[in-house]
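Visitor: Could you take me on a close look at a single part of this structure? I'd like to follow one residue and its surroundings.

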Amino acid sequence: MTTPVLGSQALAYEWIKFRSVRSTVWTTVATAVLPVLGAVFVATTGSLQSDDTVLGGSLTLSVVAQMLAAVVGALVMTGEYSSGTIRTTFAARPRRSTVLAAKAALVAGVMYVLALASCTLAYLVGDALLPEGRYAQGEPLPALFGIAASFAVAALLGLAVGTLVRHSAGAVTTVIGLLLLPSLFGPLFGDAERWIAGLSPTAALEKLTQTSDAAADTVGSLGPWPSLLLVAAYTTVLALGALVLLRRRDV
C-alpha cells in the first residue's frame with residue numbers, strides 16, 4: 001500500500017477521533033464563536049478605542065480564541081493518552097511519524113478554515129455595527145489569511161506540547177504559558193522587551209489584526225508577517241523534537 005493511501009487513511013481515522021471527543025469538539029466550537037461574540041460586544045458597548053481599527057476592534061477576542069486553538073491541538077494528543085487509545089492507535093499505525101503528521105494536518109487544516117471563516121465574519125459584523133467613518137478600517141486582506149494561519153500555528157504548537165507532556169492539564173497549562181509568558185515577562189528584560197514580547201503567537205496575531213494595542217514595545221518590532229514566520233519556525237522545531245521523543249518512548 002502506498003504512502004499517500006496510508007496517509008489518507010490515518011487522516012480519516014484522526015478525523016473520526018477528533019469529532020468523537022466532546023472536549024475537543026466543544027473547545028473547537030468555542031474557538032469559532034468567540035471572535036464573532038467579541039465583535040458584537042465591542043460594537044454594542046462602544047468600547048473600541050478611538051485610535052483602533054475596525055479590524056482590530058472586531059477581533060478583540062481573537063487572542064482568547066487563539067489560545068483555545070492551542071488547547072485543541074494539545075487535547076488531540078493528550079486525550080489519547082488519558083483514554084488509553086494511544087496504544088490502539090500505534091498498534092494500527094506503527095509508523096508514529098504518520099500518526100503525528102496526520103494529527104498535525106488535521107488540527108492545522110481545521111483551525112485554519114475555522115479561523116478564516118470566524119474572523120472574517122467577526123470583521124463583517126463589526127464593520128456593519130460600528131459607526132461608519134468613525135474608525136480607521138484597517139487592511140483585512142491579506143491580514144485575515146495570516147490571522148487564520150496564526151490559529152493553525154497555535155494549534156500545532158499545542159500538539160507539539162501535548163506530544164511532549166502527554167497529560168492534558170500539564171499540556172494545556174504549558175501551552176497557555178508559552179502564549180502568555182513572553183508578554184508578561186518581557187518588561188523584566190529592559191531594552192530587550194520588544195524582542196522577548198514578540199516571540200509569542202499572540203503577538204503575531206495582534207500585529208496582524210492591526211489593533212492599537214500592538215505597540216512595538218509590547219509585541220516586538222518585527223512586522224506581522226516576519227513575526228508569524230518566526231513563530232512558525234520555532235513551532236516546527238518543537239514539533240520535530242516532539243517527533244523524536246515520540247519515536248523513542250515505549251508509548
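Guide: Happy to! Please keep in mind that this is a predicted model. Let's begin at Ser97, which sits in helix α6, a helix covering residues 96–129. Its relative accessibility is 18%, so Ser97 counts as buried, the cut-off for that label being under 20%. Setting aside neighbours within four places in sequence, Ser97 is in contact with Leu243 and Arg247.

Now on to Thr163, which belongs to helix α7, spanning residues 140–165. With a relative accessibility of 1%, Thr163 is buried too, because buried means under 20%. The side chain of Thr163 reaches back to the backbone oxygen of Leu159, at 2.8 Å. If residues up to four places away in sequence are left out, Thr163 touches Met77, Leu100, Ala242, Leu246 and Arg249.

Phe151 deserves a stop of its own: not counting residues up to four places away in sequence, Phe151 touches Thr31, Ser62, Ala65, Gln66, Ala69, Met111, Ala115, Cys119 and Leu205. As background, nonpolar side chains in soluble globular proteins tend to be buried together.

Terms used:
Residues numbered from 1 in each chain as written. Predicted model: local features only at pLDDT ≥ 70, side-chain atom pairs only at ≥ 80, totals over all residues. Heavy atoms only, no water. Helix = DSSP H or I, 4+ residues; strand = E, 2+ residues; numbered from the N terminus. Buried < 20%, exposed > 50% of the residue type's maximum accessible area, 1.4 Å probe, protein only. Polar contact = N/O pair within 3.5 Å; in protein donor to acceptor, adjacent residues only side chain to side chain. Contact = heavy atoms within 4.5 Å.
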